[in-house]
Amino acid sequence: PFYENNNIIYYQSRGLLKEDLAARPKYLSKMNGNKSLFNFNNIDNNLSSVYIFEGPIDAFFVKNSVAVGGIQENTHKTFTEYQSKQINKLMLMNKVWVLDSQWTDTASYNKTKKLIEDGQTVFLWPKNVGKQFKDFNDMTIRYGLDEISTSFVDKHSHRGLKARTILSQIR
C-alpha cells in the first residue's frame, strides 16, 4: 500500500514466483488511482536527502527512501502529476535517484542517462557491485542485510559532468 496521512491512496502488488508470472501480470495496481510515492508518509524532513527508487521493495533497505512504482525508459516524464506535487513538498532536500544496476539493466542505463541530462543526482553502481546484482534487494539477500547505508549510496551518487563520465565507462 502507498499511504498518505495514514490513508491508503494507491497500491501495487507484484508477482514474485516464476510460476505465478506465467499466468498473471507481473504487477497489479489500483485502477484509476492517483499513483503516489511509496513510503512518502515516512520521510524525515530533518534529514538532508531523500532517495528515490524505482520499486518499493528496494526502497525498504535505505533510510529516507521513496519509490515511484516503476519508470518509463523512453520519456523525460519521471513522476505522475500527483507524485510531482509530493516531491515538491521536499524541495529543500537533496534528491538522489537510485535505479537498478546500469551494468545489467539497459532500461536503467537509459533512464539514468536521461536523469543526468536533466541535472539530477543519480546513484551509479560501482562495477564490482553492479555486475553482481540487479538491485538493492538482490544485494541484501546475498549478504543477509536489513539495511544499506546512506553513506554507500551517497559515495556513489553524482550529477553533471562527473556523472556523465562515470556512466560512459559502464557501456
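Lys 134 counts as partly exposed, because its relative accessibility is 36%, where partly exposed lies between buried, under 20% relative accessible area, and exposed, over 50%, with a 1.4 Å probe and protein chains only. This is a predicted model, in which local features need pLDDT of at least 70 and side-chain atom pairs count only at pLDDT 80 or more, while totals for chains, interfaces and linings use all residues. Residues are numbered from 1 along each chain as its sequence is written, and side-chain values use heavy atoms, with hydrogens and water left out.

- A search of the whole structure finds two salt bridges, a salt bridge being a side-chain nitrogen of Lys or Arg within 4 Å of a carboxyl oxygen of Asp or Glu.
- Side chains of opposite charge can pair when their charged atoms come close.
- Lys 134 meets the side chain of Asp 100 in a salt bridge, with 3.1 Å from N to O.
- This pair links distant parts of the chain, 34 residues apart, since Asp 100 lies in the loop between strand E7 (94-98) and helix H4 (106-117), and Lys 134 in the loop between helix H5 (127-130) and helix H6 (136-143).
- Lys 134 also forms a salt bridge with Asp 135, where the closest N and O atoms are 3.0 Å apart, and in this way Asp 100, Lys 134 and Asp 135 are linked in a network.
- Asp 100 counts as buried because its relative accessibility is 6%, and Asp 135 counts as buried because its value is 8%.

**The chain as a whole**

- The protein chain has eight helices and nine strands; helices (H or I, at least four residues) and strands (E, at least two) are DSSP runs, numbered from the N terminus.
- Of the 171 residues in the protein chain, 43% are buried.
- The protein chain exposes about 9,900 Å², of which carbon and sulfur atoms supply 49%, with accessible areas taken from the Shrake-Rupley method with a 1.4 Å probe and, for residues, only the protein chains shown counting as cover.
- Among contacts between residues at least 6 apart in sequence, 63% join residues at least 24 apart, a contact meaning heavy atoms within 4.5 Å.

**Strands and their pairing**

- Five strands form an open sheet of mixed pairing, in the order E6-E5-E7-E8-E9, and two strands pair if DSSP finds at least two bridges between them.
- Strand E6 (65-67) and strand E9 (157-158) stand at the edges, each with a single partner strand, so one side of each is left without a neighbour in the sheet.
- Strand E5 (residues 49-53) runs parallel to E6, joined by three bridges, and Ile 52 has Val 66 in E6 as its bridge partner.
- Strand E1 (residues 2-4) pairs with E2 in the antiparallel sense over three bridges, and in their hairpin, which has two residues between the strands, Asn 5 takes a positive phi near 50°.
- Tyr 3 stands opposite Ile 8 in E2, a strand that covers residues 7-10.

**A buried glutamine**

- Gln 86, found in helix H3 (residues 81-88), counts as buried because its relative accessibility is 1%.
- The side chain of Gln 86 reaches the backbone nitrogen of Leu 37 at 2.8 Å.
- Leaving aside neighbours within four places in sequence, Gln 86 is in contact with Glu 4, Ser 36, Leu 37 and Phe 40.

Definitions and conventions: Polar contact = N/O pair within 3.5 Å; in protein donor to acceptor, adjacent residues only side chain to side chain.
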